[in-house]
Amino acid sequence: MKKFLISAEQILTIICLMIYSGTPLDPFMSNGFTVKESDRIIARLLFTCTYIFSLSLITLRWKKVTYVFSKDKFIWVLLGVCALSSFWSLDSDTTLRRVLGLAGTMLFGLYLASRYTLKQQLKLCAYMLGISGVMCLLLALLMPQYGIAGGVETGAWRGIYPQKNILGKRFVLCGAIFFFLAMTNRENRWVSWLGYASSGLLVLLSKSTTSLVNFITITAAFLIYYRILHLKYKVMIPIVTFLSTFGIAFYTLVVSQADTILGSVGKDTTLTGRSELWPAVFEMIAKRPWIGYGYGVFWDKNSESSIVLQTVQWNAPNAHNGFLDLWLGLGLVGVLIFISGFVINLLRAIYLIRWNQRYENLWLLVYLTYTILSNLTETTLLEQNSLEWILYVSSILSSKLSTHAPAEPERIEAILR
């Protein structure tokens, strides 16, 4: 009976993860991703079920959950600032409703960290994303009117997701998980490599240039981090500084020269649209720089966002940059709180990799890198019902739970050779 309950809980966890990631119901409920109000109601019901699921199991294990909860203050302070922003929000009712959704999302991340080890969490995510990958393949081949985009994105795969960039982003994460499992787990390693290769193929089929670059970067980051972070400080610090400076300069060049760079290879210059969007967003940030416009409301239909949309002349759903959206919502106060927690965890992960070489810390560093990359041209920071934000919460908490566990340098060293 106990084994049955454990298996049932794991299956329900995978289902919840898929709801956050994107379900195969989406294209059928929305008639090819044309969203109607009834579809939103169904989606809200599904997310509400995940909140109830995680809250129920958290209640059963409240002592351990309380311990895990206390391991990081910054993510919970951010949630508190989101709630407080309802007092100055453009639409306080919407902010409060979305804060409840964010709280439910973060509770699921807390549940994962308190219930499963990091490797178990990643395996559950791998199962879910593997199933999603098969569904994307079947939908694109059997029902291409749903699985393959039309219009200006003709030929780009979107699978069970609303848009090709979401497919690309999702399988960058999937590739990172499978690559990590392949490098740190000796059992059934071929399955992990197959998952990694399939993820790369889906990223290619999505025709998302940003996702392809991120996929390559995350792959390289795993081994590079491990090798560089075990050098002596006098060598490591200059190398890290150089690579960081080079990366920022390269990204700035791509954005500022999008017409030339992307146009020369026949790509649509979507970065140019973003480079026009960002100055307009900065102008709005300058009007309320300290506390923002309230969590989750700026891009709703209101006079403030309409100013941006009239300037750029296209229907931007967000700032296409997680850091700018965070600034719009919570102002500089929210940005500084997030950056403080992010940098502390980043430096902590680097220190712990040098100290005990456990895979939890290596994953945390890789995932923090993924968080930066995925928010340069998209938005996943502090986002309700977001798989990325769930894993951000669970990765930080799981890493802190393993801080005092015994190191395994010989095993990790052998695997990474």
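At what angle do helix 5 and helix 18 pack, and how far apart are their axes? In this predicted model, helix 5 (residues 74-84) and helix 18 (residues 387-401) pack at an angle of about 140 degrees, and their axes lie 11 Å apart. Angles over 145 degrees would count as roughly antiparallel, and the two helices are therefore oblique to each other.

The contact can be followed residue by residue. Helix 5 contributes Ile 75, Trp 76 and Leu 78, which meet Trp 389, Tyr 392, Val 393 and Leu 397 of helix 18. Seven of the residues in this contact are nonpolar, with no polar and no charged ones.

Tyr 392 touches Ile 75, Phe 338, Phe 342, Tyr 367, Leu 368 and Thr 371, leaving aside residues up to four places away in sequence.

Arg 348 belongs to helix 16 (residues 322-355). Is Arg 348 buried or exposed? Its relative accessible area is 18%, and buried means under 20%, so Arg 348 is buried. The side chain of Arg 348 makes a polar contact of 3.2 Å with the side chain of Ser 399. Arg 348 and Leu 364 are 16 residues apart in sequence, and their C-alpha atoms are 9.7 Å apart in space.

Definitions and conventions
Residues numbered from 1 in each chain as written. Predicted model: local features only at pLDDT ≥ 70, side-chain atom pairs only at ≥ 80, totals over all residues. Heavy atoms only, no water. Axes fitted to C-alpha atoms, helices over the stretch in contact; angles between N-to-C directions. Helix = DSSP H or I, 4+ residues; strand = E, 2+ residues; numbered from the N terminus. Parallel < 35°, antiparallel > 145°, perpendicular 65-115°, else oblique. Contact = heavy atoms within 4.5 Å. Nonpolar A, V, L, I, M, F, W, Y, C, P; charged D, E, K, R; others polar. Buried < 20%, exposed > 50% of the residue type's maximum accessible area, 1.4 Å probe, protein only. Polar contact = N/O pair within 3.5 Å; in protein donor to acceptor, adjacent residues only side chain to side chain.
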